[in-house]
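Dear colleague,

Please find below the structure that I am handing over to you. My notes on it follow directly after the sequence and the coordinates.

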Amino acid sequence: MSGDTAARGTVAVVGAGPVGLTAALVLARTGVPVTLLESREALATESRASTFHPSTLDLLDELGVAAALRRQGRTVDRVQWRDLDGVVHAELDYSVLAGHTAHPYRLHVEQARLTPLLLAELTATGLADIRFGVTVTGAEDTGDGDSGSRVRLRTEDAAGRVTVTRHPYVLAADGSRSRLREIAGLPGTAQEYPDYALRVVTETPLDELVPGLAPLSYVRDARASFSALGMPDHWRLIFRIPRGTDRDAVLAPEAVRARVEQALPGAAGRAVRIADAHTYRLARFLLPRYRAGRVLFAGDAAHLTSTAGGLNMNCGIHDAVETSRALAAVLRGEGADGTLLDAALERRRSVVETAVIPRSEARTAGLDSAAELTARLASLRRTAADPRSAADYLLKASLLDVAPRPLKGDAHADLVSQAHR
């Protein structure tokens, strides 16, 4: 085991996903040295979140990675609601957001395309000690007062070597099974929704087979409802499956094929090549408070929501930006009494409770009966017919009304004003 080494002024960020890397980069760009710890041996590459909203692209642009990410993704300029017969009930164009954002579109691209971009920018700052294959096994607030290094962090690498370091703060972005949350003794039980999701992946260009299909389409029909997302090199079909339905039966190749053929009657079912089909659970979770002493929480370590709309990852990136801005200000000597940081953390929690969870859950509301579905589609048609209502809908769907704003002009003054709003 190594000695107890102080990392005075060095913030530890745990987790090298989009949230942790964003937090570390924001801190480093403001001159705060960071130690980034990741239990994996390399960045994650598996298929996960794949939607980036305008509000998030604005913030990623500030960090210098939005343009490169866009080149790897699929730009989505409209959202569509249709039925199995090909009738388009409503369509909203993201152009109505012009003036509210520098990115009036949604971007479909795997989050695994973002993390290498963030890592490269973080490395280039020269202020990051990046360690892969390291697991946090302990975190203790030593109460060292003004020493600047109050959190004693214990880590272990794959060879069993133990290292102990001290930091003024630790930011936990270590996911839904957060080890730091467990160490802090915070609640971590998620409430499962009554349904789970089936995701079917096809490399067949569905928009060439289904006339007028938008790369973001919600098929709402009493016979079958699902979401269709066009990615750069494949399509994803997301179905809601009632809890209690046997997953093995749902995933049987013939069952998946039958579901796809029902969902895409105009696509000549046999022409749709199914590359993958898997299920995943849907759950909600919200920490009662986003800090335990000097350990702060962000992203999946702090909250989970329905995956509808891809809001949870986007909100996590927003957590990282706002929390790191406030933390950087505190380390500069502002808000030493903790009010500035507490205000930022409480605001991030309030966004999840009052906006993200209700909005993500509303995406699947109105699908349980024919009457509810009819009313829902009528409401969407009214929204699409009114430019002001359409803009309000997309502002909220994109989290533009609750996201931290990109810094402009005097970034320091802007940071302070945002922290005290």
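What is the mean pLDDT of the protein, and what percentage of its residues reach 70 or more? The model is a predicted one; its mean pLDDT is 91, and 91% of the residues reach 70 or more. One segment calls for caution: over residues 411-421 the pLDDT stays under 50, although the model has 23 contacts beyond four places in sequence for this segment. Where pLDDT is low, the predicted coordinates should not be read in detail.

An open sheet is formed by 8 strands, in the order 7-6-15-16-17-14-18-21, and its pairing is mixed. Strand 7 (88-93) and strand 21 (303-304) stand at the edges with a single partner strand each, so one side of each is left without a neighbour in the sheet. Within the sheet, strand 14 (residues 191-202) pairs with strand 17 (residues 235-242) over 8 bridges, in the antiparallel sense. Arg 199, for instance, has Ile 238 of strand 17 as its bridge partner.

Leu 206 is buried, with a relative accessible area of 0%. Leaving aside neighbours within four places in sequence, Leu 206 is in contact with Leu 213, Trp 235, Leu 237, Leu 264 and Val 272. Between the C-alpha atoms of Leu 206 and Arg 236, which are 30 residues apart along the chain, the separation is 9.8 Å.

The other is Ser 324, placed in helix 9 (residues 311-331). Ser 324 is likewise buried, its relative accessible area being 0%. A polar atom of the Ser 324 side chain lies 3.3 Å from the backbone oxygen of Ala 23. Apart from residues up to four places away in sequence, Ser 324 touches Ala 23, Val 26, Leu 27, Leu 171 and Asp 319.

Helix 10 gives the most to the lining of the second largest pocket, with 3 residues.

With kind regards

Notes: Residues are numbered from 1 along each chain as its sequence is written. This is a predicted model: local features need pLDDT of at least 70, side-chain atom pairs count only at pLDDT 80 or more; totals for chains, interfaces and linings use all residues. Side-chain values use heavy atoms; hydrogens and water are left out. Two strands pair if DSSP finds at least two bridges between them. Helices (H or I, at least four residues) and strands (E, at least two) are DSSP runs, numbered from the N terminus. Buried means under 20% relative accessible area, exposed over 50%, partly exposed in between (1.4 Å probe, protein chains only). A polar contact is a pair of N or O atoms within 3.5 Å; within protein, one must be able to donate a hydrogen and the other to accept it, and residues adjacent in sequence count only if both atoms are side-chain atoms. Contact means heavy atoms within 4.5 Å. pLDDT is the predictor's confidence in each residue, from 0 to 100.
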